[in-house]
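Student: Could you take me through the aromatic rings in this protein, and what surrounds them?

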Amino acid sequence: MDFLEEPIPGVGTYDDFNTIDWVREKSRDRDRHREITNKSKESTWALIHSVSDAFSGWLLMLLIGLLSGSLAGLIDISAHWMTDLKEGICTGGFWFNHEHCCWNSEHVTFEDRDKCPEWNSWSQLIINRDQGAFAYIVNYFMYVLWALLFAFLAVSLVKAFAPYACGSGIPEIKTILSGFIIRGYLGKWTLVIKTITLVLAVSSGLSLGKEGPLVHVACCCGNILCHCFNKYRKNEAKRREVLSAAAAAGVSVAFGAPIGGVLFSLEEVSYYFPLKTLWRSFFAALVAAFTLRSINPFGNSRLVLFYVEFHTPWHLFELVPFIVLGIFGGLWGALFIRTNIAWCRKRKTTQLGKYPVVEVLIVTAITAILAFPNEYTRMSTSELISELFNDCGLLDSSKLCDYENHFNTSKGGELPDRPAGKGVYSAMWQLALTLILKIVITIFTFGMKIPSGLFIPSMAVGAIAGRLLGVGMEQLAYYHHDWGIFNSWCSQGADCITPGLYAMVGAAACLGGVTRMTVSLVVIMFELTGGLEYIVPLMAAAMTSKWVADALGREGIYDAHIRLNGYPFLEAKEEFAHKTLAMDVMKPRRNDPLLTVLTQDSMTVEDVETIISETTYSGFPVVVSRESQRLVGFVLRRDLIISIENARKKQDGVVSTSIIYFTEHSPPMPPYTPPTLKLRNILDLSPFTVTDLTPMEIVVDIFRKLGLRQCLVTHNGRLLGIITKKDVLKHIAQMANQDPDSILFN
């Protein structure tokens, strides 16, 4: 009896913290597709099934776009309201944030548009006074108290319900997309807790952003919705194509940048990105952006928070300060990665990691206490970036726009360069202090046990540095317009320098320095700001920051965190340049015990169960006999265990002495012998093999491009050994003088 004619539940699936076999998954999907196509010619119902199967991918993208867009809108609105809650409450309706509260007010003037009787600070509510030292202390105390409450709630929820909801999620998503399995990382609880705690973490005023975690949220949506479709539920490779598109939708709603999202998924997170996935990512990003635009979370009928409206042309000489900003971005990126990884390693290896709640509360308390006295650190980071990108108009009341006005306003809309007033000088000092605080505190914040993105803090660091440089350049051009570098293009009374543009370029440079993105970064930046004329400055800064940061350390922040966590991620961008051979890497080595193999027709159930219980290998080569060592195929440990258990339950007479056959036909058995067990169906008959003299650079390439789990090594047709993905990663680490034992998973 061959009970394996029926598919067994569980065969062909994978254990947690294991790598999928891309070749096997793709082959299974091709078989499934071929079967549906052949059946579609037989009946109308089968044809309808075939059409619905082809359409299911697009329907899934539509659902992912709708769900991730809706969640992003909810997160944006909630975070805006809870951020303002730290400073006061709207008596006209507690659900209004500061801006909406004063929109509805009839007692507000344009100059004092932030002040209206309906909005009460905590000092007005508690002691009925808004001015004076005591009122300031009450507001200070309430600000710190709310920040601590939000942070405590966030870290407690993560710790209690979904430990995987912490961090940005992008390093793990990169690893999952490369074929690794982390069960629960994209599950229902992670989605619910990440959505709630992301709002709390952003509202607490910590130096973190919601953009990276929104990619994780979108991928959770994609993974959960995959379970509604058989085609994606049962095939890990197909599911990863969906997750690539979901990542694009996540960036699309995080920044309001649908094309940037598709490019981000292609450049930064995806491992396997066929053309079909590109189109589907484009569609998912489009639907997500459309959904977010319909919700209109910022109330300005735009997708983005940082829309800019300066259209002054930039001049060739300005490429010099733009490149300086690129150098600054690269230096900051390299410094941040080194210090943050050192701190995260300390957290993993010392007692510090055992007290995540205390760590979050201490960092939040320090951040809130230092942030309140300075208006630029007190406001949310997104608002700060928005203000730094802003070009000063006539009606701007911000301190950054407090220039002395020596000009005639009848000339038109554009304001000439002007001497800085007292407000600008005081703003410069405050921004310099903000820069120092952001640089230092972000190092300790990223990687704590709460959802924390890195995009917004990095952009803030760059935007502050850019604005400082921009104002410096503007004043230089104003007072020294007769200098040789200025006189050809900057006459007195002209609008030569736009400080907001420098902030924009600085933000791109710092984000590029930390993440090493280039193409997607520039596209995200111009979609984010609408500044199409400034593509060249953005490209120059992004490229310079990547070169500088690469010179100081090859890895971006996400790759560094993947290596810190020991995930088996084979980086496609790096070349393997060493002259080693497959025999130098394979197991077993020269003095090791022989390779554990199964024979095709001479082992009993008991023999196989003994091998399974005594070893921890993920699979076993099957050979003709131990003497010949001629290879037949490869069988996975999990499939063996499930098949034997199933046979004991369902097939009469299978006992420990039953012989297991991996051959096509079993020979006739003498009477009274226990029935045989045929396991040909779970055998992979085409495992990848290389000879012992194959150069390792070819082996590494095979593993990268085909997404293999393991590769068998032969010599003159005889089986010699096996190379797993973990062996390849350990070998690469060893060759780069790194600790090979840091690779924890296979």
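Tutor: Let's start with Phe-17, which is partly exposed because its relative accessibility is 28% (buried means under 20% relative accessible area, exposed over 50% and partly exposed in between, with a 1.4 Å probe and protein chains only). Phe-180, by contrast, counts as buried, at 1%.

The model is predicted, so local features need pLDDT of at least 70 and side-chain atom pairs count only at pLDDT 80 or more, while totals for chains, interfaces and linings use all residues. Residues are numbered from 1 along each chain as its sequence is written, and side-chain values use heavy atoms, leaving out hydrogens and water.

There are 24 aromatic pairs here (Phe, Tyr or six-membered Trp rings with centres within 6.5 Å; planes under 30 degrees apart are stacked, over 60 edge-to-face, the rest tilted). Phe-17 and Phe-180 make a tilted one, with 6.1 Å between centres and 45° between planes. This pair joins distant parts of the chain, 163 residues apart: Phe-17 is in the segment before helix H1 (22–39), and Phe-180 is in the loop between helices H6 (170–177) and H7 (188–203) (helices are DSSP runs of H or I, at least four residues, numbered from the N terminus). Trp-332 and Phe-336 are also a tilted pair, at 5.1 Å and 50°. Both sit in helix H13 (residues 319–349), four residues apart, or about one turn of the helix. Trp-332 is buried at 3%, and Phe-336 is buried at 0%. Elsewhere, ring pairs connect Trp-81, Phe-94, Trp-95 and Phe-96 into a cluster.

Some rings have a charge over them (NZ of Lys or CZ of Arg within 6 Å of the ring centre and within 35 degrees of the ring normal). Arg-378 lies over the face of Phe-372, 4.5 Å from the ring centre, and Arg-280 lies over the face of Trp-58, at 5.3 Å.

Trp-58 also belongs to a nonpolar surface patch of about 710 Å², together with Phe-55, Leu-59, Leu-62, Leu-63, Leu-66, Leu-275 and Trp-279 (patch residues have over 30% relative accessible area and no salt bridge, with nonpolar side chains joined within 5 Å; a salt bridge puts a Lys or Arg side-chain nitrogen within 4 Å of an Asp or Glu carboxyl oxygen). Helices H2 (44–85) and H12 (275–295) each give two or more residues to the patch, and H2 supplies the largest share, six residues. Trp-279 lies in helix H12 and is partly exposed, at 47% relative accessibility.

Note on methods
Patch = residues over 30% accessible without salt bridge, like charges linked within 9 Å, V, L, I, M, F, W, Y side chains within 5 Å. Areas by Shrake-Rupley, 256 points an atom, 1.4 Å probe, with all protein chains shown as cover.
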